[in-house]
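Q: I have a structure open and would like to go through a few parts of it. May we begin with one of the helices?

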Amino acid sequence: MKFINLTRHTEIGANSYYFEAGGRRLILDCGMHPKDVGENALPNWKPIDGQTIDAILITHAHQDHIGTLPVLMRHQPHARVFMTEATSEIGSLLLHNSVNVMTRQREELGLTFYPLFGHRESDRAIAQWHLCRYRQPYTTSGNRVGDDGALTFEFWDAGHVLGSSGILLRAEGRTIFYTGDVNFDDQTIMQSAIFPQSDIDVLIMECTRGDTPEPAGWSRDSEEKKLAAAIDATFSRGGCALIPVFALGKTQEAFGMFYEFRRQQQLDFPVYIGGLSSKMTEVYDRRANQARRQWPRLQLMQDVAPFVLNGQTINDSPARPGRVYALSSGMMTPKTLSNIFARRLVGVPQHSILFVGYADPESPGGILRSAKSGDSVSLDPAEPPQTLRCHIEQFQFSAHASRESLIAYAAKVGPKKILLVHGDPPAVEWMRARLAGELPNCDVIVPAPGVEMEL
Ligand SMILES: [Zn+2]
Ligand SMILES: [Zn+2]
């Protein structure tokens, strides 16, 4: 049984992992780096050069897990690709959007080999995906009931975003579980993960929040009230609020909160979102009845009724007082709607930028989040820096499990080995040290990028 971490560094980047057992070769996830461009945006597939992969399994449709799938499918034309139906629906929207982003980057950054794949190649790739149900065993040949039972896999609901899953693999008489991105708590829309509770030999676990303790006295309810109060205070100053969000997950969770604010007669306001967010929200709405979620009858696009902005209309859209702009990208990458709009708000004290999720510390979102009033901030290297005057506030609505709940889960299932992935070095190191202390009979490993290991 073999494992290779195919990311380029110990980080949350282009997530991808090689797994070999029972004579089958798999790749788990196939992401694009959210910050890097060019070759560095791809996973490092060099260690598997010349190998024929039997199957590619995708946990969910975030860029850092599915973003380079058409490229891998081109290199591995015989590999079958598996994911949940919701992931495929959202993933196809994401890949087509990514083609547009890369086409723009080709001009802006002079990357002549961009886009890495086109619309037609994406469509051909998408048509070949095998769609899986939760909690059903499949084999790499695509059959539900194993005819070549050397290796089977099952998708389990990870409670992170719509369609997200952890993957349970069985081979050589052992059980391996890859969490993907997981949340063990309910969010406003998504319900908490349902994961296997015993009989796992090897646990491959994400560590996103490993370097941040759960804030004392935190509850989702009180955090929602704080957010409502911050929006209200912005409106009282005569300003508007920008909430940078990921198109998948955070947009829909924010909508759930806006709906609650209105239902509880706390606050009612017009909302603006981007085109990709609106398309992904439509998938949440279409699948509202089939998915495990809160408010199963809530139709977000209809009941929150947002105005939809795009790359053109954002330029003619003034920052209107009393409005909330929930725009992607969540990290405020240059040229995205949230970045363009933020530059309009930064110098005006009435307005607010409210952060509700993860932003890499070096991204424009991360820089702005830790800046103080009066600081000079540069949100786009192509534009002049600005003096920060608007109100900045951070809220905790993570779609990822707290480090405490990850440790509790690992302790409950009691694996013989744990591999720690999907975390920045301090996060992974905290988790490694804590798990080694709490589970003395367990081998806790941080798999070095590109190095083959025997499981
Ligand atoms: Zn994710
Ligand atoms: Zn991720």
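Q: What covers the buried residues of α12?
A: In this predicted model, the cover includes β11 (202-206), α11 (403-413), β20 (417-421) and β21 (443-445).

Q: And which residues of α12 are the buried ones?
A: They are Ala427, Val428, Met431 and Leu435. Seen down the axis of α12, these buried residues fall within an arc of 90 degrees, so they line one face of the helix.

Q: How far apart are the end C-alpha atoms of α12?
A: They are 20 Å apart. Helix α12 has 14 residues, 425-438, and at 1.5 Å a residue it should span 20 Å, which agrees.

Q: Changing topic: where does glutamate 253 lie?
A: Glutamate 253 lies in helix α6, which covers residues 250-263.

Q: Is glutamate 253 buried or exposed?
A: Glutamate 253 is buried, because its relative accessible area is 1% and buried means under 20%.

Q: What does its side chain reach?
A: The side chain of glutamate 253 reaches the backbone nitrogen of threonine 188, at 2.8 Å. Apart from neighbours within four places in sequence, glutamate 253 is in contact with Gln187, Thr188, Ile189, Met190 and Arg220.

Q: Now the pockets: how much space lies in the second largest pocket?
A: That pocket holds about 430 Å³ of space.

Q: Which residues are closest to its centre?
A: The second largest pocket is lined by 16 residues, and the closest to its centre are Glu85, Tyr134, Arg287, Gln290 and Ala291. The elements that give two or more residues to this lining are α3 (85-109) and β6 (130-132).

Definitions and conventions:
Residues numbered from 1 in each chain as written. Chains lettered and ligands numbered in written order. Predicted model: local features only at pLDDT ≥ 70, side-chain atom pairs only at ≥ 80, totals over all residues. Heavy atoms only, no water. Helix = DSSP H or I, 4+ residues; strand = E, 2+ residues; numbered from the N terminus. Expected span 1.5 Å × (residues − 1). Buried < 20%, exposed > 50% of the residue type's maximum accessible area, 1.4 Å probe, protein only. Arc of directions from axis to C-beta. Contact = heavy atoms within 4.5 Å. Polar contact = N/O pair within 3.5 Å; in protein donor to acceptor, adjacent residues only side chain to side chain. 1 Å grid on protein atoms, 1.4 Å probe; cavity = no way out; pocket = protein on both sides within 12 Å on 5 of 7 lines; lining within 4 Å. Points joined across faces, edges and corners; volume = space filled by probe spheres on them.
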